[in-house]
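Here is a short walk through one protein model. Keep the structure open and follow along from the overall fold to single residues.

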Amino acid sequence: MAELKLKDISKRYGSLTVIEKLSLAIDDGEFVVLVGPSGCGKSTLLRMIAGLEPITGGDLVIGGARANDIPPQKRDTSMVFQSYALFPHMSVRENISFGPRVRGEPKDETERRIEKAAEILNLGAYLDRKPGQLSGGQRQRVAMGRAIVRDPKVFLFDEPLSNLDAKLRIQMRTEIKALHQKLGTTIVYVTHDQIEAMTMADRIVVMNGGNIEQVGTPLELYDRPANTFVAGFIGSPAMSFLQAETGVVGATPVAVLQDGTSLPIAQGFGHETVTVGIRPESYQRDPEGPLKLHVEVVEPTGPEIHVFGTIAGEDVRVVLRDRELPKPGETLALSVPVEHVHLFDSDGGQRLEAH
């Protein structure tokens with residue numbers, strides 16, 4: 001196992017800067033997920049850690065040793081790609097053992113590692129099958145087994161579940177998390193799916209435009225997003241935003257929305273223009289509630305009812321957990337507990353804290 005340190009890492013392609021002076025420390029045995037929209041630099045960063053992309057500037061340190069100039073095969077990392085990249089003419093056993101055989105490692109040691117990987121991944125019954133005889137989830141487990149037999153210090157996953165259907169994705173999320181608990185190895189995992197990030201990570205690194213927006217545990221990012229980008233990216237369904245002015249009504253601090261609605265907020269804000277963020281599940285039906293939701297579309301999902309509409313003329317999504325279906329055209333009265341009202345600076349989008 002090993003800790004990773006990225007110190008002012010940069011990546012440029014000619015005049016194009018993809019990542020600029022990014023710094024991040026990953027603890028030994030930690031499961032860290034890099035998440036962000038397409039083109040944010042997360043896969044490029046992973047490939048630099050693996051040695052598949054040269055580092056333009058800064059230092060990559062793996063297990064206390066500078067790794068910038070160490071070739072990929074000597075970095076003691078193992079990578080699982082989106083594509084399974086299995087040899088179709090080889091059995092599962094042959095696919096898993098391909099790397100050790102090419103490197104000329106002792107046969108007995110290789111066989112021991114194969115058996116260990118097969119046991120961890122529940123592949124024992126499939127070792128003599130060809131990839132064409134396996135399901136998508138089983139093929140991905142074979143790809144993971146090929147990584148495990150290297151016994152690396154660091155596992156690198158590049159969107160490994162993208163080719164699987166929804167049911168298999170959920171199953172494989174659990175299996176990869178269980179794998180980490182069994183091996184205790186450092187894992188860096190790249191995905192654009194924030195649900196994967198929330199359910200699997202010890203810590204999440206939210207990236208945007210080659211920069212880190214916020215690093216924290218899943219609940220830290222959910223409960224206290226650093227800015228509107230993180231607030232809108234983490235959480236499903238996404239947080240909705242309303243423009244407002246802070247003020248006081250009587251002795252109650254409020255955010256006054258564009259239609260004049262006064263929404264109670266936390267103590268400590270003066271008069272300023274803000275962006276109010278509210279998660280869909282934070283709304284509550286309340287006959288005396290200050291917020292008026294004009295219902296446009298209703299989507300019952302079983303355990304929840306998703307309601308699309310407008311509040312103060314701005315689009316929002318509300319998640320209700322009762323069994324009473326609103327009707328399009330109806331107006332619902334809602335309230336939000338003050339501790340669930342997020343405030344952000346309207347210019348830079350940074351989180352505002354009561355003071």
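Contact here means heavy atoms within 4.5 Å. The model itself is predicted. Where does Pro 280 sit? Its place is in the loop between β14 (273-278) and β15 (284-285). Pro 280 has 0% relative accessibility, so it counts as buried. For a sense of scale, take Ile 120, which is 160 residues from Pro 280 along the chain. The C-alpha atoms of these two residues are separated by 39 Å.

Now step back to the whole protein. It has eight helices and 20 strands. Along the principal axes, its C-alpha atoms fill a box of roughly 80 × 45 × 35 Å. The chain has 355 residues, and 49% of them count as buried. Consider the contacts with a separation of 6 or more: residues 24 or more positions apart account for 66% of them.

The UniProt record, an unreviewed entry, lists residues 4-234 as "domain: ABC transporter". That span is 37% helix and 26% strand. Its end C-alpha atoms lie 25 Å apart.

Move to Ser 91, in the loop between β6 (77-80) and α2 (92-102). Is Ser 91 buried or exposed? The cut-off for buried is under 20% relative accessible area. Ser 91 has 9% relative accessibility and therefore counts as buried. Beyond residues up to four places away in sequence, Ser 91 touches Leu 127, Asp 128, Arg 129 and Lys 130.

Helix α2 comes next. Its buried residues include Val 92, Asn 95 and Ile 96. Ser 97, Gly 99 and Pro 100 in α2 are buried too. What covers them? The cover includes α3 (107-121) and α4. Just after α2, Gly 104 takes a positive phi of about 75 degrees.

Follow α4 to its packing against α5. Two packed helices are described by the angle between their axes and the distance between the axes. Helix α4 covers residues 136-148, and helix α5 covers residues 166-183. Their axes come within 11 Å and cross at roughly 20 degrees. Angles under 35 degrees count as roughly parallel, so α4 is roughly parallel to α5. The crossing of α4 past α5 is right-handed.

Which residues meet there? From α4 come Gly 136, Gly 137, Gln 140, Arg 141, Met 144 and Ile 148. From α5 come Leu 168, Gln 171, Met 172, Glu 175, Ile 176, Leu 179 and Leu 183. By class, this contact of α4 with α5 has seven nonpolar, four polar and two charged residues.

Finish at Glu 299, in strand β16 (residues 291-300). How accessible is Glu 299? Its relative accessible area is 36%, so Glu 299 is partly exposed. Leaving aside neighbours within four places in sequence, Glu 299 is in contact with Glu 304, Ile 305, His 306 and Phe 308. Val 319 returns here: Glu 299 and Val 319 are 20 residues apart in sequence. Their C-alpha atoms are 9.5 Å apart in space.

Technical notes: Residues are numbered from 1 along each chain as its sequence is written. This is a predicted model: local features need pLDDT of at least 70, side-chain atom pairs count only at pLDDT 80 or more; totals for chains, interfaces and linings use all residues. Side-chain values use heavy atoms; hydrogens and water are left out. UniProt positions are given in the numbering used here, feature names are shortened, and annotations may be inferred rather than shown by experiment. Helices (H or I, at least four residues) and strands (E, at least two) are DSSP runs, numbered from the N terminus. Buried means under 20% relative accessible area, exposed over 50%, partly exposed in between (1.4 Å probe, protein chains only). Axes are lines fitted to C-alpha atoms, for helices over the stretch in contact, and angles run from 0 to 180 degrees between N-to-C directions. Angles under 35 degrees count as roughly parallel, over 145 as roughly antiparallel, 65 to 115 as roughly perpendicular and the rest as oblique. A crossing is left-handed if the near helix is turned anticlockwise from the far one by less than a right angle, and right-handed if clockwise. Ala, Val, Leu, Ile, Met, Phe, Trp, Tyr, Cys and Pro count as nonpolar, Asp, Glu, Lys and Arg as charged, and the others, Gly among them, as polar.
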